[in-house]
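This report describes helix packing and chain contacts in the structure shown below. Please read it alongside the sequence.

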Amino acid sequence: MSTSLLITILLSAGITALMRTVPLILLSRFRMAPVVQNWLGFIPSAIMAAIITSELVHKPLLSPSGLSMSLMAAALATFCGMVTRSLFVTVIAGMAGILVLKYLLGA
Amino acid sequence: MSLNVEETPVEQGAGAFRRGVIACLPTIPGYWSIGFAAGAIGTLAGFSVPETALLAGLLYTGSAQFLFYSLWAAGAEMLSVALSVLLVNMRYLLMSSSLSLWFRNSTTMQKLISGLLLTDETFGVAAQYGARCGSIPFAWMLGLNVVAWLNWILACVVGAWLATALPASLIDGLGFSLVSMFIGLLLMTWFASRRKALETLTIAVAVAVTLATVEHLESSLVVILAATLAATLATLALRFTAKGESK
């Protein structure tokens, strides 16, 4: 492994480590204003909704007729998750949905 | 003792570690599918298996690893690689800030270790636990993080080894587990929330902003922009609706 590659890996990893740890260490030291707490409380739903949407738009698995199998499997996973309220069932339903759709729609 | 039945008491020690490990299980298919791909692409881009393993263990994030391979293979400068990694990983600033709500009782060393191994997936699982229990025990977070980290490194190494022999159909099914896992985590967060109308607003705004900007911006920036706008609007809506109530 070349030295410059090693340094670049360490530099990138160091920057990432700082972004992962500094807010957690600093912000947990004091009680933040309620408005900031509320804002941070909404961040998880917002980030997850944005990741789901951008994944579905960026990497759709399309059937030969142009339907988004990803979107259909996502709908199935959402339905199963709402009924069972189980993370495991939601994950399995989504994966099984994709495999069954690929088989049925012949992609 | 709290009389609220929805509140689970915060656990400590070996029991908490074990429950953290169990909480990690639904995320493992996601780590394996993306890790496989991240390892395989490393080999195809000319990285050795030890180099890919080092990147997986230290950088520990799929999107930045993909970026690293392509920039390095294209002969990019050290600083421009590091700057690109910074941009792609900017969302960790938001995630780390958000998790700080649940780590008030931890020591600095515990916060450091918990934060170092933060990923999209462990963040989703931990944020849901924190919102439900009001605090995240270090042992639980360690169990969640260590299992995720080891699975990621292993998946990257196996992917790097098998780079040329991966069946594409397997990857499609596994790859979708990432989306369905976030759908599950989002649903669990919504069901556990005391502010369902505002959570719905947050989700709707985040989806709308993502759809509006996804064609024009780099995807890591889309996520940051969508999350920031959605959380801000929901907070404003909360302030607006709370004004009428007496304190």
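A residue counts as buried if 20 or more other C-beta atoms lie within 10 Å of its own, as exposed if 12 or fewer do, and as partly exposed in between, with C-beta atoms placed from the backbone. The model is predicted, so local features need pLDDT of at least 70 and side-chain atom pairs count only at pLDDT 80 or more, while totals for chains, interfaces and linings use all residues. Residues are numbered from 1 along each chain as its sequence is written, and chains are lettered from A and ligands numbered from 1 in the order in which they are written. Helices (H or I, at least four residues) and strands (E, at least two) are DSSP runs, numbered from the N terminus.

**Helix α8(B)**

Helix α8 of chain B covers residues 120-133. Its 14 residues should span 20 Å at 1.5 Å a residue, and the end C-alpha atoms are 20 Å apart, which agrees; the expected span is 1.5 Å times one less than the number of residues. Eleven of the 14 residues are buried, so α8(B) is largely enclosed by the rest of the structure. Among the buried residues are Asp120(B), Glu121(B), Phe123(B) and Tyr129(B). Just after α8(B), Gly134(B) has a positive phi of about 85 degrees.

**Helix pairs**

Axes are lines fitted to C-alpha atoms, for helices over the stretch in contact, and angles run from 0 to 180 degrees between N-to-C directions. A crossing is left-handed if the near helix is turned anticlockwise from the far one by less than a right angle, and right-handed if clockwise.

| Pair | Angle | Axis distance |
|---|---|---|
| α2(A) and α11(B) | about 35 degrees | 8 Å |
| α6(B) and α8(B) | about 25 degrees | 10 Å |

α6(B) is therefore roughly parallel to α8(B), a term for angles under 35 degrees. The crossing of these two helices is left-handed. Met95(B), Ser98(B) and Leu99(B) of α6(B) meet α8(B) residues including Phe123(B) and Gly130(B); two residues are in contact if their C-beta atoms lie within 7 Å.

α2(A) and α11(B) cross in a right-handed sense. Residues of α2(A) at this contact include Phe42(A) and Thr53(A), and those of α11(B) include Glu199(B) and Ile203(B).

**Chain contact**

In total, 80 residues of chain B are in contact with 62 residues of chain A. On the chain B side, helix α10 (residues 168-192) gives the largest share, 18 residues.

Notes:
Angles under 35 degrees count as roughly parallel, over 145 as roughly antiparallel, 65 to 115 as roughly perpendicular and the rest as oblique.
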